[in-house]
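Hi everyone, thanks for coming.

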Amino acid sequence: MQISCAFATASDTPNHVALAESLGYRRAWLYDSPAVITDVWMTLARCAERTTRIGLGPGVLVPSLRHPMVNASAIAELATLAPGRVAVAVGTGFTGRLALGHRPIRWSDVADYVRCLKTLLAGETAEWEGARIRMLQLPGFGAPRPLRVPLLIAADGSRGRAVATELADGVFSVLPPRPTGPGVPNRRSQLVFGTVLSDGEDLASSRVVETLASSAVLHYHRVYLLGGSAAVDELPGGRSWRKAVESYPADERHLAIHLVQPDRRHRPHLDSLIRPGMLVGTGAHVAKLIARYRAAGVTEIVYQPAGPDIERELHAFADAAGLTIGRRHTVCPLAST
């Protein structure tokens with residue numbers, strides 16, 4: 001099983017990806033949510049220039065954000081900068097659309113987009129919005145076609161897995177993995193959150209709580225989106241979180257929902273922050289949790305470091321996952337580029 005990492009794309013992400021490469025992470029996936037974080041393609045290009053081995057790609061692209069030709073052209077240029085290292089994941093959109101005031105798109109639209117994207121990368125003529133289109137770039141303007149890059153679909157439900165089975169090389173999941181079986185692609189990348197405890201550190205320490213806070217916000221948001229007010233009210237501190245969100249005007253609520261933190265005064269730390277599927281504990285315990293994912297058929301763990309010290313999280317998880325065995329424990333230079 002491969003051990004990779006994911007980042008909420010930021011200006012210093014190229015430095016963190018360079019560190020991840022030095023620690024032995026297989027791939028770095030960067031989020032695509034332009035209203036909330038910085039541009040994924042510009043940052044991936046900078047990552048390519050800082051690294052030589054680690055795989056790179058957007059995880060995940062949201063079709064409605066860009067014309068398929070725009071993403072095809074960006075993929076081709078990234079493949080030129082990082083030959084043999086590019087993979088792409090596509091989904092219906094979570095923060096990438098919700099922060100713009102729109103719900104995720106339909107799976108049928110994702111399938112149409114992926115078909116068009118694959119046709120363009122193959123160097124063939126596609127049809128989009130009633131027009132026939134083809135990549136016309138001459139040599140020197142991106143990787144030559146046909147261009148083959150691994151393509152994954154971000155999906156946890158049956159409809160998304162069906163799209164992945166038909167059109168993609170695998171699935172990129174967020175929810176705890178399902179057992180292998182019919183309709184479950186062989187290539188299974190699993191996004192995970194968590195933190196490795198330092199010696200003697202308590203689960204309720206301020207560092208742990210701050211590190212897990214970002215995943216808690218995503219969890220509250222997801223529950224609110226899928227289950228509504230009643231569902232989020234059942235979470236520890238959920239009612240106060242919902243009231244804070246709903247204090248904003250209805251037509252601007254989507255501008256605040258990603259920024260409102262669960263109120264620590266109204267919730268126990270562990271009940272609201274640590275959930276099934278999270279990798280939290282000592283290094284030995286996290287290693288056991290990783291082994292469970294392997295046993296469940298996951299082929300790539302994608303760990304998202306968070307909190308105030310991304311470098312610390314990358315080092316600690318690499319140790320727990322066994323990446324640093326036999327490696328020199330040196331810090332990769334993090335000078336600005």
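Let's start with a question: which residue stands opposite Phe172 in β8? It's Ala154. Before I go on, keep in mind that what you see is a predicted model.

So where does that pair sit? Strand β7, residues 151-154, pairs with β8 in the parallel sense, over three bridges. To get from β7 to β8, the chain goes through helix α6, residues 158-167, and this β-α-β crossover is right-handed.

Now stay with β8, which covers residues 170-173. In a regular strand, side chains alternate between the two faces of the sheet. Here you can see Gly170 and Phe172 pointing one way, while Val171 and Ser173 point the other way. Are these residues buried or exposed? All of them are buried.

β8 also pairs with strand β9, residues 188-192; those two run parallel and are joined by three bridges.

Okay, let's jump back to the start of the chain. Strand β1 is residues 2-7, and five of its six residues are buried, so the rest of the structure largely encloses it. What does β1 pair with? One partner is strand β12, residues 300-303, which runs parallel to β1 and is joined to it by four bridges. There, Ser4 stands opposite Val302. Another is strand β2, residues 27-30, again in the parallel sense, this time over three bridges. Phe7 stands opposite Leu30 in that pairing. Between β1 and β2 the chain passes through helix α1, residues 13-23, and the β-α-β crossover is right-handed.

Helix α3 runs over residues 68-81, so that's 14 residues, and at 1.5 Å a residue it should span 20 Å. The C-alpha atoms at its ends are 20 Å apart, which agrees. Several α3 residues are buried, including Pro68, Ile75 and Leu78. And what covers the buried residues of α3? Among the covering elements are α2, β4, α5 and β5.

Last topic: salt bridges. The count comes to 11, and I'll show you a few.

Take Asp32 and Arg66, where the closest N and O atoms are 2.8 Å apart. Asp32 is in the loop between β2 and α2, and Arg66 is in the loop between β3 and α3, so this pair ties together parts that are 34 residues apart in sequence. Both Asp32 and Arg66 are buried.

Now compare that with Asp112 and Arg115, whose side chains meet in a salt bridge at 3.0 Å, N to O. They both lie in helix α5, three residues apart, which is about one turn of the helix. Asp112 has 40% relative accessibility, so it counts as partly exposed. Arg115 is partly exposed too, because its relative accessible area is 33%.

Then there's Arg242 with Asp233, with the closest N and O atoms 2.6 Å apart. Arg242 counts as buried at 11% relative accessibility, and Asp233 counts as buried at 18%.

Finally, here's one for you to find on the screen: Glu201, Arg207, Arg312 and Glu313 are linked in a network of salt bridges. That's it from me, thanks!

Technical notes. Residues are numbered from 1 along each chain as its sequence is written. This is a predicted model: local features need pLDDT of at least 70, side-chain atom pairs count only at pLDDT 80 or more; totals for chains, interfaces and linings use all residues. Side-chain values use heavy atoms; hydrogens and water are left out. Buried means under 20% relative accessible area, exposed over 50%, partly exposed in between (1.4 Å probe, protein chains only). Two strands pair if DSSP finds at least two bridges between them. A crossover is right-handed if, with the strands pointing away from the viewer, the path from the first strand over the helix to the second runs clockwise. The expected span of a helix is 1.5 Å times one less than its number of residues. Contact means heavy atoms within 4.5 Å. A salt bridge is a side-chain nitrogen of Lys or Arg within 4 Å of a carboxyl oxygen of Asp or Glu.
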